[in-house]
Structures are given as C-alpha cells and as structure tokens.
Amino acid sequence: MTESAPDAGGPKAASQPSLFARLQAPLLKRHAIIAGVSFTLAWLIVALVLFPDTGPAPDVTVPGVVGLRFEEAERKLGETGLKAVLGETQPSLTAPRRYVLSQTPAAGTTVGSGVSVTLDVSGGQVRAKVPTLVGLTRDDAVAALRGANLEVGQVVEKPGPEARGTVLSSAPEGGQQVPQGTPVELVVSAGPSELRMPDVVGRELFEVRATLEQLGLKIGAIEYDSTSALPTGLVVWQTPSAGLAVTAGVQISIRISGRP
C-alpha cells in the first residue's frame, strides 16, 4: 500500500515561523533601538536645559576689608561671591565702632565661591579722663598721665612766676574724656624771666640745690672753707649775692664749711 506524502499544511508546517514574521523581526528590533536612543537623547537635552551643569565653583581671591565699616566690608565681599560673618567685638585705641580690625581668611587668600569670611570689629575707642595737671611738677604730671593710660605730648617751657617745672596748662585740659593713648601737651614754667637771688647762706647743700633748681638757677663752682665757724656742710658764701637781679639759667657759685 502506497504511503501518502505529508500534508504541507499539517502540524510541522504550523510550528515554523512564517516568512512574514521572519522579515518583520529585524525591523522591529531596529525600531526599538532607534526609539531607545531617541528617548535617551531627549532626556539628556531636557536635563541640560532644566539642570545645566555649571561645573565646579570658580576660585575667588579674598579682598582686603580691614579698616572698612562692617556693612561696607560685607558689600565688598558679596560682590566677589563671599559671605561676611561677624566675629569678635574688641576695644580699640584708634578704630571707631563697627570698623573691621581683622579678617579670616586673610586678604589675598584663594577660596571657593560662597566661603564665609569672619570679620572681627571694633567696639569703639577706650576712653580716659585727663587728670588735672596744672600746679603739679613736671615729673608728677608725667606720672599722672601714665597712670591714666595717656601719653606725654610736647612739653613747652615759658617764663612764669611759678617755680621752674610747674605745669601751667595742658591740652587737652583736665577733666576731658579722650581715647586712651592720646598725647597730652604740657606748658611748664621756666621760672621768672628775672628774679631776685635768694639768700642761701647757712643752708645745707641739698636744700640749696633744690631751691635754685626750682627758680631755674644752677649751682656752678663749689668751694670749701675748713676755717669757717659754721657747722660742717653749710653754705658760708654765695655769688651773686642775695637780693641781686638774676636771670634763669645763671650759675651760682657757693662755698661750704668743712672739707670736701
């Protein structure tokens, strides 16, 4: 009995992909790849538009702001992309309140944009009261000024009836409030322009020296007299003589009882 040929339309034929399907598969795969690439490109474009990459923050050189008022320093730092932070408030002898005394980081330092710069500012000048100096000796006036944290300024001498070295006036005057460290000028007496020679006979040398210096006079030559009847160490003779008119700076010669 003869076997019939297999039916082309049977189960074996149905299990094989059709020619159309085999032709469509590569095309569909290509479309999927193109679609994926297009989506990726579109996403990148949107990301760049909405979230642009500006790159790393540029470096900034810190400007110098010491000596500026805090608000002005804050503005100057802000113009370079930096932030001003108020630091310590410190007393100052020279800087008014709110003026910058120091900065961290220092001027010229390279930092990233947005970095904070700490500014220490002045709390104002520390003030002191000028003591009353008129009538004091020059040495006492100097001590009083230093005790008040003030400086001695120019000292001018001028003739006056007061003893030599006596303070006649000060600038600023006593009682005024000034910054600590302020120099105070003094006008002191040079002694009378013309005076009468005092009588120093019978007085001890240290006492005579102090009296003459207060008058602007100086002791010149000193002699000794071992034959004097006066106790040892007393002045037994002077020139110019007592009562004569003399001028400041004149040297006085004296003789002392006893031996050198």
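Q: Which residues line the largest pocket, and what makes a residue part of a lining?
A: In this predicted model, the largest pocket is lined by Thr137, Arg138, Asp139, Glu157, Ala163, Arg164, Gly165, Thr166, Glu213 and Gln214. A lining residue has an atom within 4 Å of a pocket point, and a pocket is an open set of points on a 1 Å grid over the protein atoms alone, where a 1.4 Å probe fits and protein lies on both sides within 12 Å along at least five of seven lines. Residues are numbered from 1 along each chain as its sequence is written, and side-chain values use heavy atoms, without hydrogens and water. Local features need pLDDT of at least 70 and side-chain atom pairs count only at pLDDT 80 or more, whereas totals for chains, interfaces and linings use all residues.

Q: How much space lies in the largest pocket?
A: The largest pocket holds about 210 Å³; this volume is the space filled by probe spheres set on the grid points, which are joined across faces, edges and corners.

Q: Which helices each supply at least two residues of the lining of the largest pocket?
A: They are α4 (138–147) and α5 (205–214). Helices are DSSP runs of H or I with at least four residues, strands are runs of E with at least two, and numbering starts from the N terminus.

Q: How do the residues of the lining of the largest pocket divide by class?
A: One is nonpolar, four are polar and five are charged. Asp, Glu, Lys and Arg count as charged; Ala, Val, Leu, Ile, Met, Phe, Trp, Tyr, Cys and Pro as nonpolar; and the others, Gly among them, as polar.

Q: Why do β12 and β13 stand at the edges of their sheet?
A: The three strands form an open sheet in the order β12-β15-β13, with mixed pairing. Each of β12 and β13 has a single partner strand, so one side of each is left without a neighbour in the sheet. Neighbouring strands are turned by 20° against each other on average, direction ignored, from axes fitted to C-alpha atoms, with angles in general running from 0 to 180 degrees between N-to-C directions.

Q: In which sense does β12 run to β15, and in which sense does β13?
A: Strand β12 (residues 218–225) is parallel to β15 (residues 251–257), with six bridges; Glu223 stands opposite Arg255. Strand β13 (residues 235–239) is antiparallel to β15, with four bridges. On that side, Gln238 stands opposite Ile254 and Val235 opposite Ile256.

Q: How do you know that Arg255 lies over the face of Trp237?
A: A charge sits over a ring if NZ of Lys or CZ of Arg is within 6 Å of the ring centre and within 35 degrees of the ring normal. Arg255 is at 4.5 Å from the ring centre of Trp237 and lies over its face.

Q: Which peptide bond is called cis, with omega near 0°?
A: The bond from Thr104 to Pro105 has omega near 0°, and Pro105 is in the loop between β3 (100–104) and β4 (110–112). The bond joining Thr239 and Pro240 is also cis, with omega about 0°; Pro240 is in the loop between β13 and β14 (245–247).

Terms used:
Pairing = 2+ DSSP bridges.
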